[in-house]
Amino acid sequence: MSQGDFVRRMGSGGSAIYGAPNQWQRLHLDLPLLLLLLVLAGVGLFILYSASGQSLYYVNHQLVNYGVGFSVMIATAQLPPRLLDRWAFLPYCGGVLLLLAVLLFGVGAKGAQRWLEVGGFRFQPSEILKAAVPLMLASYLGQRSLPPRFKHVLSALVFIAIPPVLVILQPDLGTAILIAASGFFVLFLAGLGKRYLLSALLAATAVLPLMWYYVLHDYQRQRILTMVDPQADKLGSGWNIIQSTIAIGSGGTHGKGWMLGTQSQLDFLPESHTDFIIAVLAEEFGLIGVTLLMGLYLLIMLRCIIICLRAQSMFGRLLAGSITLTFFVYVFVNMGMVSGILPVVGVPLPLVSYGGTSIVTLMLGFGMLTSVSTEKKRSS
């Protein structure tokens, strides 16, 4: 082998070594992102065991959730971005039909009708729209000149508005906001003009009083009031926030130790294995543990940003960027509501909180993002 051949092989970024193809490229997987997600899943299981009261039931079921999620990610990564672009309307239309089915035939729990049950299997269709909406918007706007024209902005707003309206009727305001945000991120990344952003901000400000009196339910208004003053109802609506902030504060810098947190182990902290799981981490591992977890999330988002910047098509850039921003919002909203700076809206901590549908949906998004990361290699 000549010196020139050697240099070309070494400069290929590890895609081939003495003629051996890179298996990860062959599988269309981004190895750094995959490893980071596996580490996050391992951390999630470690925290969940303590948060669930050392319950192997939850740990085993979460392992199944991770297995299904990573399988979905790997399967989705095999789909070329051009195929995702061409058929983006199918998951969007299917998700909207499922939301209509929830309103007609859905299964209720805790005063909300958000689930469908088929053959004993229960799932939440609104989770599908968190991935379907940005996919649809990226396909629609990616095929048009950017920044988008007024008529294209109006059409995009219609696509964005339909799913959240149906989700609000369930009612599930938190999920509706996340779905709408995932769509708006695509518009923002497409170069939405400042006048549109300012108009949207003014319109939202004008609509807020109407939403307070005519859209929000009593329990949703109470959540906002509780955020402002949780001490007003210590044993009622303010209980969750008070206990979570006590858990976070009592952990200090180093924490009390694994499985030694009093708020979670003595059942003072409600939903400790789902929405409020980071309060368990804060109590048992302190500021250091929370900082390490935030660092892991930051590394995942940085890798996603790199994939976004390297995307070979406008569709890929819009899709990867919106998935990354939506993931950030997940983390921010969960940490915000647990620490008391945001209302409690039932958003799980990504890939750490116990839950099946949310994990599968997140991994579906990462699968699409990984597909974008290998777009150049597919076409080359």
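1. Tyrosine 92 counts as buried, at 5% relative accessibility. Buried here is under 20% relative accessible area, exposed is over 50%, and partly exposed is in between (1.4 Å probe, protein chains only). The model is predicted, so local features need pLDDT of at least 70 and side-chain atom pairs count only at pLDDT 80 or more, while totals for chains, interfaces and linings use all residues. Residues are numbered from 1 along each chain as its sequence is written, and side-chain values use heavy atoms, with hydrogens and water left out.

2. Aromatic pairs. The whole structure holds eleven of them. Rings of Phe, Tyr and Trp (its six-membered ring) pair if their centres lie within 6.5 Å; planes under 30 degrees apart are stacked, over 60 edge-to-face, the rest tilted. Phenylalanine 46 and tryptophan 258 are stacked, because their ring centres are 4.3 Å apart and their planes stand at 15°. This pair links distant parts of the chain, 212 residues apart. Phenylalanine 46 sits in helix 3 (residues 31–51), and tryptophan 258 in the loop between helix 12 and helix 13 (262–265). Helices (H or I, at least four residues) and strands (E, at least two) are DSSP runs, numbered from the N terminus.

3. Exposure of that pair. Phenylalanine 46 is partly exposed, with a relative accessible area of 37%. Tryptophan 258 is also partly exposed, at 32%. Tyrosine 92 and phenylalanine 159 make an edge-to-face pair, with centres 5.9 Å apart and planes at 85°. They too link distant parts of the chain: tyrosine 92 is in helix 6 (residues 89–105), phenylalanine 159 in helix 8 (residues 150–168), 67 residues apart. One aromatic cluster is formed by Phe46, Tyr49, Trp258 and Phe285.

4. Nonpolar core. The largest one has 92 residues. Such a core is a set of buried Ala, Val, Leu, Ile, Met, Phe, Trp, Tyr and Cys residues joined through side-chain atoms within 4.5 Å. Helix 14 (residues 277–310) gives the most to this core, with 15 residues. Leu37, Tyr297, Ile300 and Phe366 have the most contacts inside the core. Beyond four places in sequence, isoleucine 300 is in contact (heavy atoms within 4.5 Å) with Leu33, Leu36, Leu37, Leu40, Phe327 and Phe366.

5. Threonine 370. Threonine 370 is buried, at 0% relative accessibility. A polar atom of its side chain lies 2.8 Å from the backbone oxygen of phenylalanine 366.

6. Serine 244. This residue lies in helix 12 (residues 239–250). Serine 244 is buried, at 0% relative accessibility. Leaving aside neighbours within four places in sequence, its contacts are Leu269, Phe276, Ala279 and Val338.

7. Cysteines. The search finds zero disulfides (cysteine sulfur atoms within 2.5 Å) in the whole structure. Cysteine 304 is in none; the nearest cysteine sulfur, that of cysteine 308, is 9.3 Å away. Cysteine 304 is buried, with a relative accessible area of 1%. Cysteine 308 is buried as well, at 16%.

8. Salt bridges. The count is five. The rule asks for a side-chain nitrogen of Lys or Arg within 4 Å of a carboxyl oxygen of Asp or Glu. Aspartate 172 and arginine 114 meet in one (4.0 Å, N to O). Aspartate 172 is in the loop between helix 8 and helix 9 (173–189) and arginine 114 in strand 4 (residues 112–118), so the pair ties together parts 58 residues apart in sequence. Both partners are buried: aspartate 172 at 5%, arginine 114 at 19%.

9. Two more bridges. Glutamate 283 pairs with lysine 256, the closest N and O atoms being 3.1 Å apart. Glutamate 283 is in helix 14 and lysine 256 in the loop between helix 12 and helix 13, so parts 27 residues apart in sequence are tied together. Glutamate 283 is buried, at 0%, whereas lysine 256 is partly exposed, at 31%. Glutamate 127 forms a salt bridge with lysine 130, with closest N and O atoms 3.1 Å apart. Both lie in helix 7 (residues 126–142), three residues apart, about one turn of the helix.

How values were computed. Polar contact = N/O pair within 3.5 Å; in protein donor to acceptor, adjacent residues only side chain to side chain.
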